[in-house]
Amino acid sequence: MIFVTVGSQLPFPRLVRAVEAWAKGAGRDDVFFQVGDTDDAPIGFRSARGLGPAEFEAEIARASMVVGHAGTGTLMAALSAGKPVVMLARRAALSETRNDHQVTTVDRFGGRPAVFATVDESEVGELIEAALRAEPHGGSAVGNHATGPLVDRLRSFLNEHMGADGARGSGRAARGS
Amino acid sequence: MKRPRLLAIASGGGHWKELVRLAPLFDEYETTYVTTEPGFQRDVPGARFKTVTEASRWDKLLLLKSALEVTWILLRERPRVVITTGAAPGWFALYLAKKMGAKTVWIDSFANGDKLSLSGEKAGKYADLWLTQWPELARPDGPEYAGSVL
């Protein structure tokens, strides 16, 4: 099963069309489309406008591959579930988002293990094929939680400001609960 | 005796998913999580969890509603530290928390690899710790780069 997601905000017909065209050409009907707030869903496939967090995770778990917009939520969800991900960047010039930050995400993450990313919808089909050919991604590429210097930096900040005196309270008003 | 409280806030979607990657650290403290989607409670099982209205700077009325909800939560929770990965509700929480005397941390989303988000840029003035997740965006007078959530 291939899970296609446009994220929680705007529809992204350019991506949906590209995957639909590939799926029809490849004879795959086991594609599930999350299309956003639009009536324009591909005929002959399972689809939904939006998914709650639990359903979203379930679809990712069920899928062998995720195809999505180049959102960081999609990227992290796929990688932490150990699934390869194909991403198409939304473009500001096409009013698909407000700025081209997804293009940057494609530049920075495309080509990393299990990440297949492009700004060009005509490449989506071949990237899906490449992701299908790729070695199974296996376990979790990024884990569920951050490690490393960012955590250390935040911990030292929190130790400084939430620290020992704070642990015993320092006269702040108690919540009335 | 109350232990000091940490407030960790982010909009639904990528912002929240980035924040949740830091949850094991936050869970060492008395943390209240705030986001815009009730279903995300499942990401922080057992933790204190609240929701506010999703808003962007493009819809003034929703923005106002969201800001009032954030204000209410800050007044109730009285956090000693507020940490956010954005976007609009997180920015407002950071701004107001600073005015209330709390310490504040802005972590600009790793979605912003070419330049800081607009709110991330504005947050510099109010953040005690102002972080970008891209070394290319670090500047001598901030933001600071100290790694990323990935």
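User: What makes chain B a contact partner of chain A in this predicted model?

Analyst: In this predicted model, 39 residues of chain B are in contact with 37 residues of chain A. Contact here requires C-beta atoms within 7 Å, so these residues meet that cut-off. Helix H1 (14-20), helix H2 (23-26), helix H3 (60-77) and strand S5 (103-107) of chain B each give two or more residues to the side that touches chain A. That side of chain B divides into 17 nonpolar, nine polar and 13 charged residues.

User: Why are strand S3 (46-48) and strand S6 (115-118) of chain A called edge strands?

Analyst: The open sheet of chain A has six strands in the order S3-S2-S1-S4-S5-S6, with parallel pairing. S3 and S6 of chain A are its edge strands because each pairs on one side only. From one strand to the next, the twist averages 15°.

User: How do you know that strand S1 (residues 2-5) and strand S4 (residues 65-69) of chain A pair?

Analyst: Pairing requires at least two bridges. S1 and S4 of chain A have four bridges in the parallel sense, and therefore count as paired. In S4(A), Val67(A) is the bridge partner of Val4(A). Helix H1 (residues 13-26) of chain A packs on the sheet, touching S1, strand S2 (31-34), S4 and strand S5 (85-88) of chain A.

User: Which residues have the most contacts inside the largest nonpolar core?

Analyst: They are Val82(B), Ala93(B) and Leu94(B), in a core of 52 residues. Helix H4 (residues 88-99) of chain B supplies the largest share, seven residues. A second, separate core of 42 residues includes Phe3(A), Val16(A), Ile60(A) and Val106(A).

Notes: Residues numbered from 1 in each chain as written. Chains lettered and ligands numbered in written order. Predicted model: local features only at pLDDT ≥ 70, side-chain atom pairs only at ≥ 80, totals over all residues. Contact = placed C-beta atoms within 7 Å. Nonpolar A, V, L, I, M, F, W, Y, C, P; charged D, E, K, R; others polar. Axes fitted to C-alpha atoms, helices over the stretch in contact; angles between N-to-C directions. Core = buried A, V, L, I, M, F, W, Y, C linked by C-beta atoms within 7 Å. Buried ≥ 20, exposed ≤ 12 C-beta atoms within 10 Å, placed from the backbone.
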